[in-house]
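This report describes the fold, the helix packing and selected local features of a protein chain. The sequence and the structure are shown first, and the description follows.

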Amino acid sequence: MPHTSRRKKPTLQKRAQVSDEEGWTHIIKGSRSHGRKPLSTTRRREPPSIPSGFTLQKLQQQYEDHRADWETSQCRIRLESFLDPGSDGVERPKICNAVCLGLGSMLDPDHRKTSFLQLAAFKTMLSALGLISSMSQVYAQEPCFNELDKQLLESMDIQILEDPEAFAHIGTTTFVYGPHCERSLLLRAFEGRDPALVVSTCIEDDSAG
């Protein structure tokens, strides 16, 4: 009879919790995952816990370290050039306030570096746009902020709002910054609203339909 072979059923790999030297806990695959990479790259939907002994001063120092990297990057140079009102002769829209959506937590163990750099980019854009028109208010809305995230942003004169309070501050003279924003969130934010400037990386999510 001809030789036949059956496919082996895939074995489920156990998940394990691994703590790094900074006190962060990562969820990883079992022993077959040699690289010990996090199991998922999706953003968390709840505030991360604060490691024991971690303070606002430590968080501010980490932000400054990442901001220094951002300041020397070509991306920052190109961004400032793009926002320069005299760079291309095109008149920029009037900006009176700014709303940041979906920044992510600076204490998320899997995405804190990205959130730090996104915050540094936001500050660069605020500075550049402030040369065009005076910023009256700057807001941030992120359900994943914990208390240290909020304290860090408030120390930068960024007002924290709960979902969906920030949407009411979006108007025709608003700059909206939505790094890694889900499409459904932007649809909610822009319903009946037409902001002057939007900078966002829109991603699909299960609730977008």
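A residue counts as buried when its relative accessible area is under 20%, as exposed when it is over 50%, and as partly exposed in between. His180 is partly exposed, because its relative accessible area is 31%. The model is predicted, and every value in this report is computed from it.

**Overall architecture**

The protein contains five helices and seven strands. Read from the N terminus, these elements follow the order β-β-α-α-β-α-β-α-β-β-α-β. Of the 209 residues in the protein, 40% are buried. Among contacts between residues at least 6 apart in sequence, 63% join residues at least 24 apart.

**Helix packing**

Two packed helices are described by the angle between their axes and the distance between the axes.

| Helix pair | Crossing angle | Axis distance |
|---|---|---|
| Helix 1 and helix 3 | roughly 65° | within 9 Å |
| Helix 1 and helix 4 | about 60° | 10 Å |
| Helix 2 and helix 3 | roughly 30° | within 10 Å |

Helix 1 spans residues 56-71 and helix 3 spans residues 112-130; their axes cross at roughly 65°. That angle makes helix 1 roughly perpendicular to helix 3. The crossing of these two helices is right-handed. On the side of helix 1, the contact is formed by Leu59, Gln62, Tyr63, His66, Arg67, Trp70 and Glu71, which meet Lys113, Phe116, Leu117, Leu119, Ala120, Ala121, Lys123 and Thr124 of helix 3. By class, this contact of helix 1 with helix 3 has eight nonpolar, three polar and four charged residues.

One residue of this contact can be followed in detail. Ala120 belongs to helix 3 and is buried, with a relative accessible area of 2%. Leaving aside residues up to four places away in sequence, Ala120 touches Tyr63, Arg67 and Trp70. Ala120 and Tyr63 are 57 residues apart in sequence, yet their C-alpha atoms are 8.0 Å apart in space.

Helix 1 also packs against helix 4, at an angle of about 60°. The crossing of helix 1 and helix 4 is right-handed. Here Leu56, Leu59 and Gln60 of helix 1 meet Leu148, Asp149, Gln151 and Leu152 of helix 4. The residues of the contact between helix 1 and helix 4 divide into four nonpolar, two polar and one charged.

For helix 2 and helix 3, the axes cross at roughly 30°. This makes helix 2 roughly parallel to helix 3, since angles under 35 degrees count as roughly parallel. Helix 2 passes helix 3 in a right-handed crossing. Arg76, Leu79, Glu80 and Leu83 of helix 2 meet Ala121, Thr124, Met125, Ala128 and Leu129 of helix 3. This contact of helix 2 with helix 3 comprises six nonpolar residues, one polar residue and two charged residues.

**The two sides of helix 2**

An α-helix has 3.6 residues a turn, so residues three or four places apart point the same way. In helix 2, which runs over residues 74-83, Arg76, Leu79 and Leu83 are buried. These residues lie on the same side of helix 2, because they cover an arc of only 65° around its axis. Gln74, Arg78 and Phe82 are exposed on the other side of helix 2. The buried residues Arg76, Leu79 and Leu83 are also among the residues of helix 2 that meet helix 3.

**Backbone features**

Two residues other than glycine are noted here for positive phi values. Asp157 has a phi of about 65° and is found in the loop between helix 4 (147-154) and strand 5. With a relative accessibility of 67%, Asp157 counts as exposed. The phi of His180 is near 55°, and this residue is placed in strand 6.

The peptide bond from Asp163 to Pro164 is cis, with omega near 5°. Pro164 has its place in the loop between strand 5 (159-161) and strand 6 (174-182).

Asn97 lies in strand 3, which covers residues 97-101. At 9% relative accessibility, Asn97 counts as buried. Asn97 and Thr174 are 77 residues apart along the chain, while their C-alpha atoms are separated by 5.1 Å.

Technical notes
Residues are numbered from 1 along each chain as its sequence is written. This is a predicted model: local features need pLDDT of at least 70, side-chain atom pairs count only at pLDDT 80 or more; totals for chains, interfaces and linings use all residues. Side-chain values use heavy atoms; hydrogens and water are left out. Buried means under 20% relative accessible area, exposed over 50%, partly exposed in between (1.4 Å probe, protein chains only). Helices (H or I, at least four residues) and strands (E, at least two) are DSSP runs, numbered from the N terminus. The arc is that of the directions from the helix axis to the C-beta atoms. Axes are lines fitted to C-alpha atoms, for helices over the stretch in contact, and angles run from 0 to 180 degrees between N-to-C directions. Angles under 35 degrees count as roughly parallel, over 145 as roughly antiparallel, 65 to 115 as roughly perpendicular and the rest as oblique. A crossing is left-handed if the near helix is turned anticlockwise from the far one by less than a right angle, and right-handed if clockwise. Contact means heavy atoms within 4.5 Å. Ala, Val, Leu, Ile, Met, Phe, Trp, Tyr, Cys and Pro count as nonpolar, Asp, Glu, Lys and Arg as charged, and the others, Gly among them, as polar.
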